[in-house]
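What follows is a walk through one structure, taken a region at a time. Please keep the sequence and the 3D view open while reading.

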Amino acid sequence: MPSRIETRDFRGRPALFLETANGARAAVSPFGAQVLSWTPASGDERLYLSPAARFDADTPIRGGIPVCFPQFGSLGRLPKHGIARTRSWSVAEHRAEDDYALATLRLTEDDDTWAIWPQNFAAELTVVIEGDRLDVEFEVTNTGHAPFAFTAALHTYLRVHEVENARLEGLYGHEYRDAADHDRIKHDSGDVLVVGGETDRVYHDVKRPLLLRDGSRSLGINAEGFPDVVVWNPWEQRCAELPDMPANGFRHMLCVEAAAVRHRIELDAGEDWVGRQSLIAL
């Protein structure tokens, strides 16, 4: 079967379905420009999407890869994680060739965004699947006449068999802010990161690739343009407080996010910025 892209129903809402000739698949929701699913050609689903996620075109979708922009978390005066994940994006481009499929979604300011964040901007999210690789590229352009600044992240929910048995490598020696411990600044001294409780860390200035080991599966994680890495798991108590997560949902997910959090990205009029996260099934 040749590579193809088509719009189909996903839990009652429209989504773009990308498929390559060798069997790689992904689904992307125009609501929030959110990747909902990714299955590499050689394996099974690699993203976690909560079975209790809401698809009402109003509530942020729990799971997949939400786009946090122009604010990460509650680090500012805007709504948590900004405005992009609760807006409808337009499909700017899509194409499918023999070995890949690509879709680009676009968001610009309107009266509603201006009331929350009075800036002229254009944001584009490009999703590319190719064999065992997923690339998600986020581009922001300042289309106004004055500078602005923002924080951002690709809030990637990775699916794991059992989070306590997963091993994340590559963060040794890095400084991080521990939001689960009163935002204390710490240094990672372990060879691997093992999650055994609530985890909410922002690692700073991460330049090397990461590796997530999950039983017999491994996933390479690389970021460009994003200087920080967020690692998050709500664990049992916090998970129980989330109405759109099952009680045991925390056991089957680990967020490893490409982020720009510690320092805001500043764009002068006419400037643009690009960040990318690549996932490679090994």
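**A walk through the model**

Arg 276 has a relative accessibility of 22%, so this residue counts as partly exposed. The cut-off matters here, because a residue is called buried only under 20% relative accessible area. The structure is a predicted model, and everything said below refers to that model.

Arg 276 has a charged partner: its side chain meets that of Glu 224 in a salt bridge, with 3.1 Å from N to O. Glu 224 belongs to strand E18 (residues 217-224) and Arg 276 to strand E21 (residues 272-281), so this pair ties together parts that are 52 residues apart in sequence. With a relative accessible area of 40%, Glu 224 is partly exposed.

Side chains of opposite charge can pair when their charged atoms come close. How many salt bridges does a search of the whole structure find? The search finds 24 salt bridges. One of them is between Glu 93 and Arg 95, whose side chains meet at 2.1 Å, N to O. Glu 93 has 35% relative accessibility and therefore counts as partly exposed. Arg 95 has 34% relative accessibility and is likewise classed as partly exposed.

Another salt bridge joins the side chains of Asp 181 and Lys 186, at 2.8 Å from N to O. Asp 181 counts as partly exposed because its relative accessibility is 21%, and Lys 186 is partly exposed with a relative accessible area of 25%. These two residues are also part of a network of salt bridges, in which Asp 178, Asp 181, Arg 184 and Lys 186 are linked.

Strand E13 (residues 175-178) and strand E14 (residues 184-187) run antiparallel and are joined by four bridges. Within this pairing, Arg 177 has Ile 185 in E14 as its bridge partner. E13 and E14 form a hairpin with five residues between them. In the turn, His 182 has a positive phi of about 60 degrees. Asp 183 is placed in the loop between E13 and E14, and its phi is near 60 degrees, a positive value in a residue other than glycine. Most residues other than glycine have a negative phi, and most peptide bonds are trans. Asp 183 has a relative accessible area of 42%, so this residue is partly exposed.

E13 also pairs with strand E16 (residues 199-203), in the antiparallel sense and over three bridges. Here Asp 178 has Arg 201 in E16 as its bridge partner.

Is Trp 235 buried or exposed? Trp 235 is buried, because its relative accessible area is 17%. The other feature is a peptide bond: the one from Phe 69 to Pro 70 is cis, with omega near 0 degrees. Pro 70 is found in the loop between E5 and strand E6 (90-96).

Phe 69 leads on to the aromatic residues. Together with Trp 117, Phe 121, Phe 138, Phe 148, Phe 150, Phe 226 and Trp 273, Phe 69 forms one aromatic cluster. Thr 113 lies in helix H1 (residues 111-116). With 1% relative accessibility, Thr 113 counts as buried.

A search of the whole structure finds 15 aromatic pairs. In the pair of Phe 10 and Phe 55, the ring centres are 5.8 Å apart and the planes stand at 35 degrees, so the pair is tilted. The pair links distant parts of the chain: Phe 10 is in strand E1 (residues 4-10), while Phe 55, 45 residues away, is in the loop between strand E4 (34-39) and strand E5 (67-68). Both Phe 10 and Phe 55 are buried.

A charged residue can also be seen over an aromatic ring. Arg 8 lies over the face of Phe 17, at 3.9 Å from the ring centre.

Notes. Residues numbered from 1 in each chain as written. Predicted model: local features only at pLDDT ≥ 70, side-chain atom pairs only at ≥ 80, totals over all residues. Heavy atoms only, no water. Phe/Tyr/Trp six-rings, centres within 6.5 Å; stacked < 30°, edge-to-face > 60°. Helix = DSSP H or I, 4+ residues; strand = E, 2+ residues; numbered from the N terminus. Buried < 20%, exposed > 50% of the residue type's maximum accessible area, 1.4 Å probe, protein only. Lys NZ or Arg CZ within 6 Å of the ring centre and 35° of its normal. Salt bridge = Lys/Arg side-chain N within 4 Å of Asp/Glu carboxyl O. Pairing = 2+ DSSP bridges.
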